[in-house]
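Dear colleague,

Please find below the structure that I am handing over to you. My notes on its pockets and its helix packing follow.

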Amino acid sequence: MNAPDVSVVIPAYDRPEELRRTLISLTRQTLPVQRFEVIVIDDGSPSDVFEKSWEVIEGMENLTLIRNSPGRGVSVARNVGARQAEGELLVFLDVDCMAHPALLEEHLKAQRERPSAVCGFTHGRELTPSAWSLLLGDEWDMEEPEEAFRRARAEPRLHDPLTELLHQPSDNDWAFFWTHNVSVPRASFEEAGGFCEDFELKGVEDMEIGLRLQLAGVPTVFVPQARALHQPHERDRNADMFRDRRNDLRLLVRHPRLEVEAVCSFDIVNAQALHTELVAFSRRLAPSAIDCAHLDELPGVRAEVEKAERVLLLGSSQGWPAGLRPPSAEINPLPGAQDRTAAQLLGTRLPFVEPAFDLVLITDYWRALPERTLCRVLSEALRCGGRLLLLSGVSTSPLSAPDPALAQALERNDRPFWEFTVGLSREFHQFQFTPIERGAVAGADGRVVRALTVQARPWSRSSLTDVFTSPSV
């Protein structure tokens, strides 16, 4: 028999009803059954995830079932399925995403012009049954895919935001490669090395391969004709938020790039809006505004650097004192050559597992950032280092105020959607700044070279309910 054109890969974990409906939808495809195969990987479900699907399974001659035991997460499951695949095009569907009858044909059409990381249109991303019932009512027959898709298409609240987010190509499109409903040529997938298996369970791993594909010349594109319908199911969104933030860090450690930091710091949508301004700021910022020209005026700081085994510098090492061991790592947004000890980043997320350094120094670079964003940099520096010193007057030509264009852009977009779950430091009141050393005057403007230690203050966070009901808060 000839190999199929398309291999549909579905990782499954303990969602038997959703899997059954998804498989039913794949039996209604306009693409002839001989031209595609379906590979389902049960990733260590506590019960037999196939049990409620046997009636459908027995009628699908193009179906392969694989069990991973124990489960190792969605990246491993998808890679297992991709290795089994015979089709030249891989279509990845989530277990709870029913396929429109034309979905596979539309993915094939989208790949004809050039190899792409194609994102299809997905109705109802992330809705739980209770939210679905509140917004859309309970009179939905998910057992009839055609009818469900007909209703979904006419429902504005099931609109896929990728329609707008990917309307115009941008450098951050890779961050929208969400594997509810995507396709990629098998050759491109294999050349990229498949999904990275270092991520925790699920989340962000799809964005990471989207980035690698884009860097290899395989762009992320949106094809609204390739439609899927996300079936509502219960989920622990709070736990998802924390796991995604941990996986964000894994992404940044693997790819310490300015556009990746923006996605991890400000969320995907805000990063897209910020990207152009971050690049412009990196080109506008003068090295002399963030260098170490007057660090020798602080012998106490120099002594601390000499004692520390690992030093992180936020700023430019230009002008670093002769004879002093250079920093172990250097972070700044300046464009230029990057290596294993230097990365072009803003500093709002740092690609290090805590605590990686004995000492962190911040040059006058801190002056370029507005308070709300600078406080995020201070928190990250404290997360990564045992001791944080903020330096003032050490640079050749420090800025007198935050960069105005950057500050304006950050005012609009430094508001990640997950901040309601993961609290961020936003005010100087949340830190203790203690002067520890004063040096000579550094310039004609009478600027004094100083060093201050920075420590986080205890800072309670609570709800208004607790504020009004608890006398101790």
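Which elements each supply at least two residues of the lining of the largest pocket? They are strand 1 (6-12), helix 3 (74-84), helix 9 (205-215), helix 10 (237-254) and helix 12. Here helices (H or I, at least four residues) and strands (E, at least two) are DSSP runs, numbered from the N terminus.

Please note that this is a predicted model, in which local features need pLDDT of at least 70 and side-chain atom pairs count only at pLDDT 80 or more, while totals for chains, interfaces and linings use all residues. Residues are numbered from 1 along each chain as its sequence is written, and side-chain values use heavy atoms, with hydrogens and water left out.

Pockets and cavity

The largest pocket holds about 1500 Å³ of space. A pocket is an open set of points, on a 1 Å grid over the protein atoms alone, with protein on both sides within 12 Å along at least five of seven lines; a cavity is a set of points where a 1.4 Å probe fits but cannot get out, and lining residues have an atom within 4 Å of a point. Grid points are joined across faces, edges and corners, and a volume is the space filled by probe spheres set on the points.

Of the 48 residues that line the largest pocket, E126, K202, G203, R235 and R243 lie nearest its centre. Helix 10 gives the most to this lining, with 8 residues. By class, the lining comprises 18 nonpolar, 8 polar and 22 charged residues, where Ala, Val, Leu, Ile, Met, Phe, Trp, Tyr, Cys and Pro count as nonpolar, Asp, Glu, Lys and Arg as charged, and the others, Gly among them, as polar.

The second largest pocket has a volume of about 410 Å³. Its lining has 16 residues, and R349, E380, R383, V422 and L424 are the closest to its centre. Helix 10 and helix 14 (371-384) are the elements that give two or more residues to the lining of this second pocket, which has 5 nonpolar, 4 polar and 7 charged residues.

There is 1 cavity of 30 Å³ or more. The largest cavity contains about 30 Å³ of space, and its lining consists of V305, A308, E309, R310, V311, R325, P326, P327 and S328.

Helix packing

Helix 10 and helix 11 (residues 258-266) pack at an angle of about 170 degrees, with their axes 9 Å apart. Axes are lines fitted to C-alpha atoms, for helices over the stretch in contact, and angles run from 0 to 180 degrees between N-to-C directions. Helix 10 is therefore roughly antiparallel to helix 11; angles under 35 degrees count as roughly parallel, over 145 as roughly antiparallel, 65 to 115 as roughly perpendicular and the rest as oblique. The contact (heavy atoms within 4.5 Å) is made by D248, L251 and L252 of helix 10 with V260, E261 and C264 of helix 11.

The axes of helix 11 and helix 12 come within 8 Å and cross at roughly 140 degrees, so helix 11 is oblique to helix 12. Their contact divides into 9 nonpolar, 2 polar and 1 charged residues.

Helix 12 (residues 268-284) also packs with helix 15 (residues 404-413), at an angle of about 165 degrees and with the axes 10 Å apart. Helix 12 is therefore roughly antiparallel to helix 15. The residues in contact include L274, L278 and F281 of helix 12 and L406 and L410 of helix 15.

Yours sincerely
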